[in-house]
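Keep the sequence and the model open beside you, and try each task before reading on.

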Amino acid sequence: MSPPSDSSQPRLAAGCRWGGTDENRVILFPEGAIKLQGTGQQVLEHCDGQRTFGDIIRELQSQFTEADPNKIRDDISKFLEQLQQKRIVDY
Amino acid sequence: MVSNPLALIAELTHRCPLHCVYCSNPLQMAGATSELSTEEWTSIFQQSGKLGMLHAHFTGGEPLARSDLTELIAAAHAAGLYTNLITSGIGLNEPRLQALVAAGLDHIQVSFQDSREEPANWIAGAKAHAHKIELARAIRRHKVAFTVNLVVHRQNLDHLEEIIAFIEQMNPERVEIAHTQYYGWALVNRTALLPTRAQVEKAIEIVAAAEKRLAGRIRIDSVVPDYYAKYPKACMGGWGRQLVLINPAGKVLPCHAAEVIPGLEFENVREKSLEWIWQESASFRRFRGEDWMPQPCRSCDRRSEDFGGCRCQALLLTGDPTATDPACSLAPQHHIVDLALAEANSGGAVASPTTASSFVQLQNQTSNLWTYRTNPD
């Protein structure tokens, strides 16, 4: 499988959804849950199946102006690819 | 105070149209007349949601044998729980599936016994295979996540590659390949089910290759056979640490098999709150933490990883529920497991599938090989 392209529309995979409480958000899947905090949570909250990968990168790059934009792109791409391999994200 | 459980295992009924020889249900099953009502289960789901629990796993027996299953799924969903139906699929047609999905079913896990019809029905003691295939097609027409569960053992491991290819065609998001765990009916049938070392090693290779090939398309989760492992499994993530099971009659248990342990009184959710039972009851405190541990567990570095293994397995194999799980290579009574493995690896033949026109005939024809799971009164 390949990393997301600019036109990919990342979303939670079938059988995965948000749960937990506002202070303690988790992604639920059939046999467990992952706790998300900080930027990981922010990235996944952008993965609504509407925004493209390109949109998500631009939004986060404009939010984190101090970080290297290329690094932001690489990190998010790797993060989504890992979650895709685990069948938590589709794109 | 200990942390509240993460998930509820709702064993709705012990009734089941299948008779699988590897079933881990207890030999002493709860009868239909003792089952909890719709209202009682609804209260359990509400309590679970308030305790911050995340998942409700609906199992049995066959949960579809409950005519109120759609209401129960809706009640768990309304309580904020992720709903997972663990089923043989028998009793499910497309309209009922549609109703379950509309009620908030997040995920369905259907068991398959084999890729080939004859051995599949032979293991299940029922003509179920063809229906399951049809159901798998129907599931893909609905918006619900799908896992195929496959229990592996001596009788089907030799064509595991073929079974994985068969499952792949059904296009689930996930496959669970679980080695038989020897409790209940599976323990009674252990001689016919325990694989050889060569089978286990080959299976590990096949699963690893399939994981690589299917990455990003189908996720494979596999459960290793603890008899062949060096260390025991962290059964249920530890006694009373993460999971709570409620049996059809309302007894609250730390796991599927705990009732085999003599001297433990399990509380009933008809009489006490789930929270009190989890936090305070003697049965949940009995093997929680490390105070109960014998040596070598008590001073073992792994005690916080595997929690001394499984209490039920310790009881079933050694007669002592406080013993180190004999599946552990460090256990004083590990020779019990070694003996079973020596027998399994001594070159005995594997039986071949028998066909029969009825379950009774099948039972008679295979009574020298194994005991089929029967139904509660």
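**Exercise 1.** Does Asp75(A) count as buried, partly exposed or exposed, and what is its relative accessibility?

*Solution.* Start with the ground rules. This is a predicted model, in which local features need pLDDT of at least 70 and side-chain atom pairs count only at pLDDT 80 or more, while totals for chains, interfaces and linings use all residues. Residues are numbered from 1 along each chain as its sequence is written, chains are lettered from A and ligands numbered from 1 in the order in which they are written, and side-chain values use heavy atoms, with hydrogens and water left out.

Next, take the cut-offs: buried means under 20% relative accessible area, exposed means over 50%, and partly exposed is in between (1.4 Å probe, protein chains only). Asp75(A) has a relative accessibility of 38%, so the residue counts as partly exposed.

**Exercise 2.** Find the salt-bridge partner of Asp75(A) and say where the two residues lie.

*Solution.* First, the rule: a salt bridge is a side-chain nitrogen of Lys or Arg within 4 Å of a carboxyl oxygen of Asp or Glu. Asp75(A) meets this rule with Lys71(A), where the closest N and O atoms are 2.8 Å apart.

Then look at the location. Both residues belong to helix 3 (residues 69-85) of chain A, four residues apart, which is about one turn of the helix. Helices (H or I, at least four residues) and strands (E, at least two) are DSSP runs, numbered from the N terminus.

**Exercise 3.** Describe the salt bridge between Glu162(B) and Arg116(B).

*Solution.* Begin with the distance: the N to O separation is 2.7 Å. The pair links distant parts of the chain, 46 residues apart: Glu162(B) is in helix 6 (residues 160-169) of chain B, and Arg116(B) is in the loop between strand 4 (107-112) and helix 4 (117-124) of chain B.

For another example, Asp226(B) and Lys233(B) form a salt bridge at 2.6 Å, N to O. Here Asp226(B) is buried, with a relative accessible area of 5%. Over all chains, the count comes to 27 salt bridges.

**Exercise 4.** How many aromatic pairs are there over all chains?

*Solution.* Rings of Phe, Tyr and Trp (its six-membered ring) pair if their centres lie within 6.5 Å; planes under 30 degrees apart count as stacked, over 60 as edge-to-face and the rest as tilted. The count over all chains comes to 10 aromatic pairs.

One of them joins Phe45(B) and Phe58(B), with 5.4 Å centre to centre and 50 degrees between the planes, a tilted pair. Phe45(B) lies in helix 1 (residues 38-50) of chain B and Phe58(B) in strand 2 (residues 55-59) of chain B, so the pair ties together parts 13 residues apart in sequence. Phe45(B) and Phe58(B) are both buried.

Trp239(B) and Phe287(B) form an edge-to-face pair, at 5.0 Å centre to centre and 85 degrees between the planes. Trp239(B) and Phe287(B) are both buried.

**Exercise 5.** Which residue has its charged end over the ring of Trp278(B)?

*Solution.* A charge sits over a ring if NZ of Lys or CZ of Arg is within 6 Å of the ring centre and within 35 degrees of the ring normal. The residue is Arg288(B), whose charged end sits 5.0 Å from the ring centre.
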